Amino acid sequence: MYTFPNKLKNIARALMILGFIGLVFGFLGAPKNITEAKAMVATEHHGEGHGEAAEHHEEASEAHAEDTHAEEAHATEAHAETAHDEGSHDEHLLHQLQNKPWAALYVAAFFFFMIPLGVLAFYAIQRAAQAGWSPVLYRVMEGITGYLLPGGIIVIVILALSGMHFNHLFIWMDPEVVAHDKLIAGKVAFLNVPFFLGRAIFFLAGWSLYRYFSRKFSLAQDQATDISNHKKNFRISAAFLVFYIVTESIMSWDWIMSIDPHWFSTLFGWYVFASMFVSGITAIALVTIYLKSQGYLELVNDSHIHDLGKFMFGISVFWTYLWFSQFMLIWYSNIPEEVTYFITRIEDYNITFFGMVAMNFVFPLLILMNSDYKRTNYFIIMAGIVIILGHYLDVFNMIMPSAVGDQWFIGVAEIGGFLFFLGLFIYTVFTELTKAPLLAKGDPYMGESERFHY
Amino acid sequence: MSNQVLHALYDDDDVLLNAVKEVREHKHHIEEIYTPFPVHGLDKAMGLEGTRIAIMAFIYGCIGLGVAITMINFIMIEDWPQNIGGKPSFSFLENLPAFVPVIFEMTVFFAAHLMVITFYMRSRLWPFKEAENPNPLTTDDKFLMEVEINGNEEELTALLKKTGAIEITIPQNHEE
């Protein structure tokens, strides 16, 4: 049995406390009214972006005279701005600044929730495929998915608070907005708070049920004399994968895409899936290497690490493929309501948007290409940390632009949110790991996994 | 006499794998092994060096990347810029997203084809080449190990018999 080392426990607690302080700081720093919001923006030298609408347009079109599509978007943006009066513009700014700590909380909460969800899918694939290489890692995966339920409940609580109008993350939840927006009004049958929360609870319940039963059968298999538990696990895993891919898609529309209720992408579910899958596999590799360095998981050899490295490499490329497919089609067709999504990201989020591609694609591609590097813990850890941070940025880029616009900053609240959920994640996962032996010794493929070599 | 060899025929890949280990433990030199299919772990058992074709694949991919960028820049930007879908081709960078699929395909094309050609050249294979295979059974279901003889024929034969060889022969015209 594994015992949660006190040192790591203290690190996790320290991360949670630090992160909590950061989040509280972020919430206290949010402006209460329009005057405060304007004062904050004035001191932060963001002023020029929020001058008169006409001025803004002139400036922008001058700066982007040769860039035809950017100019077009600016024209529509400026048009939208002139349509409103100065008061609603200030209110918009206030909402953005008030959203900031909420968005910081939500991005981190969602990111750390999607890791166990990705691991759960990976685990189900191993079970359904009756994989021979991975049974030595089953308990690590089960430990990580221990965060699924607490992490999911936190995300749903945040969504429920949004539904109760504590923040303006989801503008379609505001009846005032829907009343003046024909497009959102047409989506009300799907995008309404009760149905939205009902779906969220249904999805989390479904995933948690699979997690509960697969864990139960996996533990029962340790003591069993036949393989009936293994067979049951195989069956529910196959069924779960069908349920998962449908619910994961809808979840990604609900929890992320609906933050931009006008915009849609048909491969968004896949895109979010790729992100959670690679983050999850990376988390498995990092936890495995950590446990191995502590003298546990004797049966894990460098071929298992090599395989995890291959998955990290492959799914990073897969993520890039989806990222680019989504980007290129929208860029090429240049339809205003679609292309504004990428224009805000390229103009206001340039560094995080392209930095994320470097972290999630170029870096793992070059580092993990060599076969020998994938067998070296040092390289896996290095690439893994960059991939984890890169996919945090990915979620950041998906949520922030619509939530806070150009008022983003990776400051105390954002880092605090990341640290808080990192601490909670470590604490929950390693507590879960202590609850069962680290070797699923009853698994019929354990022998194959033990002898696995490349 | 140093070039004289002995052919041992096996009918099972696991038996062959153990035989290889045994023969190498007794410090005999295995010249070559002919198998009807790739035997997992045989290269390690024989102590063969790791392949370097992966390095060449990377280099070929880089060449493909370079050629593709040069080519598409010349075709689409320098030589005959066209306005496609409202995106005039006057700048390579601004049109890069449209070129990425082409660049990607060219990279794969170069890496794949040059790698195959390299492999053929390195293995001395070309169309209509006479087979070097000493025994046609190795294209069906038998495995053949070619071991060098240094005047220790009896000892070697006994060893190979012990490892489970089903037939041991000494080809007479090997030196010619």
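Some bookkeeping: residues count from 1 along each chain as its sequence is written, and chains are lettered from A and ligands numbered from 1 in the order in which they are written. As this is a predicted model, local features need pLDDT of at least 70 and side-chain atom pairs pLDDT 80 or more, while totals for chains, interfaces and linings use all residues.

Let's start with the contact. Chain B gives six residues and chain A gives seven, where contact means C-beta atoms, placed from the backbone, within 7 Å. On the chain B side, helix H4 (residues 96-122) supplies the largest share, three residues. Helices here are DSSP runs of H or I, at least four residues, numbered from the N terminus. That side of chain B has four nonpolar residues, two polar and no charged; Asp, Glu, Lys and Arg count as charged, Ala, Val, Leu, Ile, Met, Phe, Trp, Tyr, Cys and Pro as nonpolar, and the others, Gly among them, as polar.

Staying with chain B, its domain assignment, automatic or from a database, gives domain 1 (5-36 + 141-169) and domain 2 (53-122). Their C-alpha centres lie 48 Å apart.

Over to chain A. Helix H10 (residues 193-223) has 31 residues and reaches 46 Å from first C-alpha to last, close to the 45 Å expected, taken as 1.5 Å times one less than the residue count. Its buried residues include A:Phe196, A:Trp207 and A:Arg211.

Technical notes: Contact = placed C-beta atoms within 7 Å. Helix = DSSP H or I, 4+ residues; strand = E, 2+ residues; numbered from the N terminus. Buried ≥ 20, exposed ≤ 12 C-beta atoms within 10 Å, placed from the backbone.
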